[in-house]
Amino acid sequence: SRPPELASTIDTSGLVDADGGLVDRAIFTDHQIYQQELRRVFAPSWLFLAHTDQFRRPGDFFGTYMGEDPVIVTMDRNRKIRAYLNSCRHRGARVCRADAGTTRNFTCTYHGWSYGLDGGLVSVPNKAGYPDGFDTADWGLVEVPLIDSHRGLIFGTWNPQAPSLSEALGTMAWYMDAMLDHDGSGTEVVGGVHKWVLDGNWKLAAEQFATDWYHVNMSHASALMLLSPEGKGPRDEIVHRSGRQYADPNGHGAGFPVHPRNRFDAQPVHQWFDYDAARARLGDARVEGPLTNGHATVFPNFSYLPVNGSVRVWHPKGPDRMEVWAWTLVDRSMPDDVKEAQRLYNLRTFGPSGVFEQDDGENWSEVQAISRGFVTNSVPLNYQMGLGSEREDGRYPGLTSELYSDSAGRAFYRRWQRLMNTPAWYEGDV
Ligand code: FES
Ligand code: FE
């Protein structure tokens, strides 16, 4: 079935100049632009859904969102991961109102239509009341057509014509594997999913994780002081770091300090981790860069912090609000006490009340809070740091720039702009 034809489309090319590094903040506030984002950025893109570890046996399910569309992710009887729109085909209520669990069927609590793990409509109360032509086979849940995973991370897209997940990730997968593939044992989830609401457009968070190392020393000054061994403030090598920032043509981005002695410095895992084995598996460049530090975004709204094993989705909730959903990943091979220590470390730094996380959320809410004014909206924002400095450096694949740069931010908005101005698959040749 086709989504409804869309009334009007805004040409956003006057609002974003990705090559020149200028962004009009109307893209964070305008309701029509937001609606267009849901249909042209979110609907056609691969979106993060869950981790494979959340589905251990048939019937395990997890409820999440793709853009603002609620979906249920589940493992069917053949152990295949599938996802469905979480909306009853009868009158539209959610068929699953739990956050996660295990079930045999999804039964709507409004009138009792019930759906199997394969999405089929299996039971209808008072079915005799429907006309002869009523066939339950026509009224199954709407299924997400493409689901795939990369090293435990499950993604889905509504676009049946989307390029494969591995094509969409491209070179970004090399950077992601610095977190996901330490020793071949894979990752698992500890401590459930944290969820919290922030005032602020989802892009403020997504772009920051892609591109913004610039804020770290200022915004996180007090947190860095807390963590410094002398308690006097961050050491010089923390403040003035050299590193690289990766800008992906599909809008992904990653930034990480580079140092031969990069370590999981402040982390419990440091004592346990086998650096020599990681070097042999992933190469020196990754161990001395993205394995132990940095942050990154997979376009559009999935971000992670390799140093913490924190992965998160910035769910859009209107132009001026987002809901953050965050998981903590650990290596499957870690001893239980290291896993627990890692969970607590992540909670204290990048949990909802973590010393770093609070600073970031405060910034996004601050930018959003003053963005309603007419004049405020007409002044463009600056993304020009490192303009023109992107190059192949021979060590890190793809185009990279210095760590302190907006290059991945420009790549993020270049991709956003292209999608916003391209008819999606369901719009045909308009
Ligand atoms: Fe689900 Fe009626 S809305 S059974
Ligand atoms: Fe930050």
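Guide: Let us begin with one residue of this predicted model. Leaving aside its neighbours within four places in sequence, Leu49 is in contact with Thr64, Val73, Ala83, Ile154, Phe155 and Gly156. Leu49 also belongs to the largest nonpolar core, which has 87 residues. The residues with the most contacts inside this core are Leu49, Ile72, Val73, Ala205 and Phe412. Helix 13, residues 407-420, supplies the largest share of the core, with seven residues. Because domain 1 (47-148) and domain 2 (166-420) both give residues to the core, it lies between them. As a general background, nonpolar side chains in soluble globular proteins tend to be buried together.

The two domains may now be considered as a pair. Their C-alpha centres, those of domain 1 and domain 2, lie 33 Å apart. Seven residues of domain 1 are in contact with eight residues of domain 2. On the side of domain 1 that touches domain 2, two residues are nonpolar, three are polar and two are charged.

Helix 13 also meets another helix. The axes of helix 1 (residues 31-42) and helix 13 come within 8 Å and cross at roughly 100 degrees. Helix 1 and helix 13 are therefore roughly perpendicular to each other. From helix 1, the residues Gln36, Glu37, Arg40 and Val41 take part, and they meet Trp416, Leu419 and Met420 of helix 13. Sorted by class, this contact of helix 1 with helix 13 has four nonpolar residues, one polar residue and two charged residues.

Methods:
Residues are numbered from 1 along each chain as its sequence is written. Chains are lettered from A and ligands numbered from 1 in the order in which they are written. This is a predicted model: local features need pLDDT of at least 70, side-chain atom pairs count only at pLDDT 80 or more; totals for chains, interfaces and linings use all residues. Domain bounds come from an automatic or database domain assignment. Two residues are in contact if their C-beta atoms, placed from the backbone, lie within 7 Å. Ala, Val, Leu, Ile, Met, Phe, Trp, Tyr, Cys and Pro count as nonpolar, Asp, Glu, Lys and Arg as charged, and the others, Gly among them, as polar. A nonpolar core is a set of buried Ala, Val, Leu, Ile, Met, Phe, Trp, Tyr and Cys residues joined through C-beta atoms within 7 Å. A residue is buried if 20 or more other C-beta atoms lie within 10 Å of its own, exposed if 12 or fewer, and partly exposed in between; C-beta atoms are placed from the backbone. Helices (H or I, at least four residues) and strands (E, at least two) are DSSP runs, numbered from the N terminus. Axes are lines fitted to C-alpha atoms, for helices over the stretch in contact, and angles run from 0 to 180 degrees between N-to-C directions. Angles under 35 degrees count as roughly parallel, over 145 as roughly antiparallel, 65 to 115 as roughly perpendicular and the rest as oblique.
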